[in-house]
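Here is a report on a single protein model. Please look over the sequence and the structure first.

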Amino acid sequence: MMTLYGYWRSSASYRVRIALGLKGIDVIHKPVNLKAGEQLLPSHTELNAQALVPVLELEDGSRLTQSLAILDYLEEAYPKPSLLPSDPVKCAQIRAASQIIAADIAPIQNLRVLKYIRAEHGQGDEGVKAWAAHWIAEGFRALESLASKSNQTFFLRDEPGYFECCLIPQIYNARRFGVNMNSFPNLLHLDEIVKYHPAFVAAHPSNQNDMPSN
Ligand SMILES: N[C@@H](CCC(=O)N[C@@H](CS)C(=O)NCC(=O)O)C(=O)O
């Protein structure tokens, strides 16, 4: 069985958990406590030189990092059910929207960036929260416009897939940082319609064994 090194509240780990669920793949979950700094220990940097989660360890011992590269691996190694449409144009549009999240929003509001602006640029809780909310809302404005033109149940598809693997964790983060999701009705609608989908429920941070009880 494959092993996923992740953290309950990590949006990049959450993306991979949803994709595994959509494909019906069981993995062993090994938590890395980001709050306690376990990602910085040599035992973890040996798995991921960037000191980040997720890491997917395959049965032959190969280690995959970067959540979108992991989604791409799962799509190629386990093609059915597919996370992407067969039409190459739609496929590129879905990847582009997913990269708005994974390449443009998430990197500037992840833990190490927030810690840095707190420690090196004198920001307190309010400043840190405002920074994260600003960049999430900026990316969501573009995504809302794209989603409003999709004309399909999910983003450019009739089933949830690659884009929803990225969007739903980013909405979870948006709420943590106080972004008003009512400004993004099409994104909110996607969040609503996957609410009871088993793959999304199982992947939710509140359903992870490493979520603290208090
Ligand atoms: N681009 C990477 C981002 C990974 C990433 O930023 N992971 C965060 C959690 S979502 C992390 O490990 N943060 C630890 C830290 O900032 O120290 C991916 O998509 O996998």
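The sections below go from overall fold to helix packing and then to backbone details.

## Basis of the model

This is a predicted model: local features need pLDDT of at least 70, side-chain atom pairs count only at pLDDT 80 or more, and totals for chains, interfaces and linings use all residues. Residues are numbered from 1 along each chain as its sequence is written.

## Overall fold

The protein chain has nine helices and four strands. Helices (H or I, at least four residues) and strands (E, at least two) are DSSP runs, numbered from the N terminus. In sequence order the pattern reads β-α-β-α-β-β-α-α-α-α-α-α-α. The radius of gyration is 17 Å, close to the 17 Å that the globule rule gives for 214 residues, so the chain is as compact as a globular protein of that length. That radius is taken over C-alpha atoms, and the globule rule is 2.2 Å times the number of residues to the power 0.38.

Along the principal axes, the C-alpha atoms fill a box of roughly 45 × 45 × 30 Å. Buried residues make up 34% of the 214 residues. A residue is buried if 20 or more other C-beta atoms lie within 10 Å of its own, exposed if 12 or fewer, and partly exposed in between; C-beta atoms are placed from the backbone. Among contacts between residues at least 6 apart in sequence, 70% join residues at least 24 apart. Two residues are in contact if their C-beta atoms, placed from the backbone, lie within 7 Å.

## Helices H1 and H3

The axes of H1 (residues 11–23) and H3 (residues 67–77) come within 9 Å and cross at roughly 10 degrees. Axes are lines fitted to C-alpha atoms, for helices over the stretch in contact, and angles run from 0 to 180 degrees between N-to-C directions. H1 and H3 are therefore roughly parallel to each other. Angles under 35 degrees count as roughly parallel, over 145 as roughly antiparallel, 65 to 115 as roughly perpendicular and the rest as oblique.

From H1, Ala12, Arg15, Val16, Ala19 and Lys23 meet Ser67, Ile70, Leu71 and Leu74 of H3. By class, this contact has six nonpolar, one polar and two charged residues. Ala, Val, Leu, Ile, Met, Phe, Trp, Tyr, Cys and Pro count as nonpolar, Asp, Glu, Lys and Arg as charged, and the others, Gly among them, as polar.

## Helix H6

H6 (residues 125–148) has 24 residues. H6 reaches 33 Å from its first C-alpha to its last, close to the 34 Å expected at 1.5 Å a residue. The expected span is 1.5 Å times one less than the number of residues.

Ala132, Ile136, Gly139, Phe140, Leu143 and Ala147 are buried in H6. The buried residues of H6 pack against H4 (88–105), H5 (111–120), H7 (162–176) and H8 (185–193).

## Backbone details

Valine 53 and proline 54 are joined by a cis peptide bond, with omega near 10 degrees. Proline 54 sits in the loop between H2 (42–45) and E3 (55–57). The bond from lysine 80 to proline 81 is also cis, with omega about -10 degrees. Proline 81 lies in the loop between H3 and H4.

Alanine 51 is not a glycine, yet has a positive phi of about 60 degrees. Alanine 51 is in the loop between H2 and E3. Glutamine 66 has a positive phi of about 65 degrees. Glutamine 66 is in the loop between E4 (63–65) and H3.

Histidine 204 is found in the segment after H9 (198–203). The C-alpha atoms of histidine 204 and tyrosine 14 are separated by 7.0 Å, with the two residues 190 apart along the chain.
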